[in-house]
Amino acid sequence: MPDRSVRHRSRTALAGLAALAFAGAAVLTGCDTGHDGTTKGSAPAERHAPAAGPVWNPSPGSIAAVGDSITRGFDACSVLADCPEVSWSTGTDSAVKSLAVRLLGARAADHTWNHAETGARMAQLPEQMAAAAAEDPDLVTVMIGANDACRDSVRAMTPVDDFRASFEASMRRLRGGAPKAQVYVSSVPDLKRLWSQGRANQLGKQIWKLGICKSMLSDADNMGAAAVARRAAVQDRVVAYNEVLREVCAKDSRCRYDGGAVFDYRFTGKQLSQWDWFHPGRNGQARLAEIAYRNVTAVRPPA
């Protein structure tokens, strides 16, 4: 499937690695907007929930994806490169069977748009949502937040309040252009689980030293008190981000959170990239597609 977003390209080695296994890079710009991408004087996110009507359609006819490197298939096909054809959301690879392929079949190539960017943090999501809204899709998939926790230090992680403000702004931007679009929100993956699995691979740990997710992966074999506390702080922040995703999504009648399914998924080395042992490879992308399909087509949202 040709990638319809001109902006999505492979990143350089260090930029792609530092981005994290599930992230993407972009700079949020806008006119007459606040620091979080909101229009000055705009109403709170909950006031923009769409009017009553069909609450959830399990068979959407088009899909737009926003998020970070995981949705771009970074490091899944070759080293330090995006591979959107294996994206869990909009990819066309037969081994992955993306959400789009499962829902749309042969029509997937002409009814999907991938606006995710490798390295992106939540602050960039409002811009991506505006681009997705312009496509007027039936469904928008969201997977973002890992890069907000994957920083050079714990202190540099995105504050939870800022994370919330940007996600609320993102929902407003979407509703401004696509008021009836459904939204499927994935939880942020368990970064500590990825560390525990990837550290068993010596090559992977060498690549981590290039700068990938220092807050979690730095000194991968160090089990001293300071290193353990650092990883716990990152884990706690990811849990807090997921709670924000759940709460904000719950305010919109056409939004469905995955109930923590991606965070809870027990990734093993089999699902990780064979180049960086942190991003999901084809197998991992396929597992994410399964989770998304199960939740999007369920009669009721995840508990």
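Q: In this predicted model, what percentage of the contacts in the protein chain between residues at least 6 apart in sequence join residues at least 24 apart?
A: The contacts considered here are those in the protein chain between residues at least 6 apart in sequence. Among these contacts, the share that joins residues at least 24 apart is 78%.

Q: How many helices and how many strands are there in the protein chain, and what percentage of its residues is buried?
A: The protein chain holds 11 helices and five strands. A residue counts as buried when its relative accessible area is under 20%, and of the 303 residues in the protein chain the buried ones make up 55%.

Q: Why can strand S1 be called largely enclosed by the rest of the structure?
A: In a regular strand the side chains alternate between the two faces of the sheet, and in S1 the residues Ile63, Ala65 and Gly67 lie on one side while Ala64 and Val66 lie on the other. Both of these faces are covered. Strand S1, which spans residues 63-67, is largely enclosed because the number of its five residues that are buried is five.

Q: Which residue in S2 is the bridge partner of alanine 65, and which residue in S3 stands opposite alanine 65?
A: S1 pairs with strand S2 (residues 112-114) in the parallel sense over three bridges, and the chain crosses from S1 through H2 to S2 in a β-α-β crossover that is right-handed. S1 also pairs with S3 in the parallel sense, over five bridges. For alanine 65, the bridge partner in S2 is asparagine 114, and the residue opposite in S3 is threonine 141.

Q: Which residue in S4 stands opposite threonine 141?
A: Threonine 141 belongs to S3, where Leu139, Thr141 and Met143 point one way and Val140 and Val142 the other way, and all are buried. S3 and S4 pair in the parallel sense over four bridges. The residue of S4 that stands opposite threonine 141 is tyrosine 184.

Q: Which residues of H11 are buried, and which helices and strands do they pack against?
A: Helix H11 covers residues 282-297 and reaches 22 Å from its first C-alpha to its last, which is close to the 22 Å expected at 1.5 Å a residue. Its buried residues are Gly284, Gln285, Ala286, Arg287, Leu288, Ala289, Ile291, Ala292, Asn295 and Val296. The elements that these buried residues pack against are helix H2, strand S3, strand S4, strand S5 and helix H10.

Q: Are the rings of phenylalanine 163 and tyrosine 241 stacked or edge-to-face?
A: The count of aromatic pairs comes to four. In the pair of phenylalanine 163 and tyrosine 241 the ring centres are 4.1 Å apart and the planes lie at 10°, and this pair links distant parts of the chain, with phenylalanine 163 in helix H5 and tyrosine 241 in helix H9, 78 residues apart. Phenylalanine 163 counts as buried at 0% relative accessibility, and tyrosine 241 likewise counts as buried at 0%. Since planes under 30 degrees apart meet the cut-off, the rings at 10° are stacked.

Q: What kind of aromatic pair do tryptophan 208 and phenylalanine 278 form?
A: Tryptophan 208 lies in helix H7 and phenylalanine 278 in the loop between H10 and H11, 70 residues apart, and both are buried. Their rings are 6.3 Å centre to centre with 75° between the planes.

Terms used
Residues are numbered from 1 along each chain as its sequence is written. This is a predicted model: local features need pLDDT of at least 70, side-chain atom pairs count only at pLDDT 80 or more; totals for chains, interfaces and linings use all residues. Side-chain values use heavy atoms; hydrogens and water are left out. Helices (H or I, at least four residues) and strands (E, at least two) are DSSP runs, numbered from the N terminus. The expected span of a helix is 1.5 Å times one less than its number of residues. Buried means under 20% relative accessible area, exposed over 50%, partly exposed in between (1.4 Å probe, protein chains only). Contact means heavy atoms within 4.5 Å. Two strands pair if DSSP finds at least two bridges between them. A crossover is right-handed if, with the strands pointing away from the viewer, the path from the first strand over the helix to the second runs clockwise. Rings of Phe, Tyr and Trp (its six-membered ring) pair if their centres lie within 6.5 Å; planes under 30 degrees apart count as stacked, over 60 as edge-to-face and the rest as tilted.
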